[in-house]
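Have the structure open as you read.

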Amino acid sequence: MSTDTARRSARTLCACLLLLASNPSPVRAQDPVEGPRVILSSVPFTLSVRGGTELSSLVEIRDASRVLLAAGTVGPGETREFRDVAVASRDALPLRVRIGDEVHEFSSPFAPAWFSILPPLLAIALALIFKEVITALLAGIWLGALAVAGYNPLQATWRLVDEYIVHALGDTGGHTQIIVFSLLLGGMVGLISRNGGTAGVVRAVAPLARNRRRGKLATSLAGLAIFFDDYANTLVVGNTMRPITDRLKVSREKLAYLVDSTAAPVAALVPISTWVGYEVSLIGDGLASAAGGADAAEAAFLAGLSPYAVFIQTIPYLFYPLLALAFVFLTSAMNRDFGAMARAEARAAAGGGLVREGAMPATDTGKGFVQAKEGIQPRWWNAGLPVLSVVLVVLGGLYTTGRAGAGPGASLMDVFGAADPFATLLWGSLAGCIVAAVLSLGQRLLTVHECIDAWAGGVKAMVVAMVILTLAWSLGAVTTDVGTAAYLAQLLGGNLPLVLLPALVFVTSGAMAFATGTSWTTMAILIPLVIPLTVSLAGGTGFADGSLYGILLATTSSVLAGAIWGDHCSPISDTTVLSSTAAACDHVDHVRTQLPYAVLVGLVGLIVGSIGTSLGLPHWIALLGGVAILAFVLRFFGTPVPEVGGEEVVASQP
């Protein structure tokens with residue numbers, strides 16, 4: 001090849017690359033018409049139309065063939081949402097939106113509806129097949145970004161980084177705070193490990209947790225104690241109990257399960273937590289929407305309902321969270337497991353390792369992790385006081401921020417509902433770091449330089465987990481942009497038999513949380529839809545006279561329970577990632593061992609709880625029956641895990 005030919009080829013290649021890279025994502029922030037990032041075939045979406053500055057305008061939305069899709073008016077400077085706009089094929093684009101005398105065109109990349117579930121399914125499948133989660137998450141994000149970028153592969157690569165990952169890290173609505181909270185808590189763990197506090201806790205608890213059974217029960221009880229927030233529960237309990245369960249040779253997979261399966265269920269069930277205010281607000285929105293479309297008698301009945309009272313009455317119908325907690329204690333007390341969890345426990349008990357050979361724990365607790373300084377006398381309060389300070393500061397912060405937001409006459413539930421959970425978590429983790437450092441310096445256990453090194457070592461151990469968590473959030477943003485939740489809601493919704501509604505809502509909620517990796521988004525989408533749907537399907541005086549009120553409670557609770565169920569099953573859930581982090585467990589191994597347990601509990605809750613109560617079974621009988629079935633499965637299909645060296649094994653003294 002001649003020099004000139006080579007130069008021309010190089011210039012052509014550069015021009016092609018620049019052309020591929022130069023097509024940035026369309027930014028329509030200033031456009032009077034805004035809509036979804038990706039339009040799915042026959043899946044309804046919402047167009048936001050902003051009016052002019054002077055007069056009200058007539059709005060008409062037509063497809064490329066001039067077929068009218070929606071119409072209405074928009075006031076001057078007003079933004080109106082036109083819902084349930086749908087197109088069946090790419091040929092219908094671009095849409096023509098007439099606002100008064102002006103005509104605007106709107107178009108986004110088009111995809112078949114089934115494409116919306118491919119990004120999360122790809123990530124989940126690759127993670128489970130290859131047991132490596134970071135590459136799997138990147139593949140899922142890239143596939144979704146490919147559609148957003150108009151099927152330009154290079155553009156999809158740029159969007160993966162500059163839009164999804166950066167935005168996930170910079171989301172001040174909670175993501176940034178959770179990362180800083182996790183890193184600060186990791187730093188605190190580094191300090192209390194270095195100053196001998198962790199070893200002191202192990203020594204103090206050893207007489208109580210003398211064997212594996214007691215160690216697992218102690219971990220489960222600790223999960224109930226940190227009831228006010230699932231993130232704080234996961235990280236505090238996991239990091240505090242890990243040294244104890246390690247000494248008892250409880251597998252990291254089992255610890256991750258105990259932590260994960262107590263965190264969200266407890267926070268969702270207790271009437272005072274960071275979850276409840278959010279759930280109550282969604283129930284209030286759903287009741288208001290249902291009352292707006294009901295007849296006079298039903299509207300009066302619905303208007304008289306207290307959203308908080310409705311939530312309290314849904315608690316007996318939250319079958320999955322209640323049975324999940326019961327199963328945690330059953331597996332611990334009976335010392336039995338099955339499937340992949342039984343193999344993990346047998347491996348750990350036989351001395352084959354707390355994690356499997358070749359595993360990649362989300363937190364590095366190997367040789368590079370912070371170890372206690374030589375010559376230090378282990379004292380439990382050097383760990384207990386920092387952990388207690390985290391709990392007290394978070395509780396105090398929730399109360400003070402909630403009191404400021406709710407006003408002086410508010411109830412305790414309203415106070416916690418109006419609190420700022422993310423800010424208080426930051427305050428608590430920082431307080432824990434400060435208390436740990438003061439204890440270390442005040443007792444002359446560590447120098448200032450050693451404190452900083454220990455803190456940095458604890459932060460460093462959290463880096464891999466924070467990468468996984470950021471990618472999980474990025475995939476969640478991708479599923480929003482490609483309309484995964486909207487497609488699942490359409491696929492699993494529709495006109496349903498009233499008696500089957502709680503069960504179908506539970507499955508729908510679980511599928512949505514599994515695919516999107518977030519229970520809160522699932523609840524936000526489904527609760528305002530399910531409550532009006534239940535009222536409309538009842539059709540008549542069923543709610544006015546209260547005879548069908550139980551169905552309303554059952555369907556509402558099915559959204560909450562299904563969201564937690566899907567969250568527990570999903571490898572891309574943030575709480576699942578944080579549980580792997582706190583337990584220092586390989587993330588994929590945590591998912592593989594927890595998934596059969598979550599599926600079993602979910603199926604029992606679905607059949608005995610959701611379907612059984614719809615057919616007239618009292619909820620308390622359903623709960624007792626569910627616990628009995630789970631105990632039966634463990635007794636006859638579970639494998640007893642032998643104690644290490646005998647029935648009573650005292651954790652070795654540090």
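## A pair of strands

Strand β7 (residues 95-99) is joined to β8 by 5 bridges, and the two strands run antiparallel. One of the residues to look for is I99, whose bridge partner in β8 is E102. Do keep in mind that this is a predicted model.

## The sheet around them

Which strands make up the sheet, and in what order? The open sheet has 4 strands, arranged β5-β4-β7-β8, with antiparallel pairing. At its edges lie β5 (68-74) and β8 (102-106), each of which pairs on one side only. Ignoring direction, neighbouring strands of the sheet are turned by 20° against each other on average.

## Two helices packed together

Helix α25 (residues 587-614) packs with helix α26 (residues 619-637) at an angle of about 150°, and their axes are 9 Å apart. Because angles over 145 degrees count as roughly antiparallel, α25 is roughly antiparallel to α26. The crossing in which α25 passes α26 is right-handed.

Which residues make the contact? From α25 come L600, V601, V604, V608, G609 and T613. Facing them, α26 supplies H619, A622, G626, I629, L630 and V633. Sorted by class, the contact of α25 with α26 has 8 nonpolar and 4 polar residues, with no charged ones.

Conventions
Residues numbered from 1 in each chain as written. Predicted model: local features only at pLDDT ≥ 70, side-chain atom pairs only at ≥ 80, totals over all residues. Heavy atoms only, no water. Axes fitted to C-alpha atoms, helices over the stretch in contact; angles between N-to-C directions. Parallel < 35°, antiparallel > 145°, perpendicular 65-115°, else oblique. Left-handed = near helix turned anticlockwise from the far one by under 90°. Contact = heavy atoms within 4.5 Å. Nonpolar A, V, L, I, M, F, W, Y, C, P; charged D, E, K, R; others polar. Pairing = 2+ DSSP bridges.
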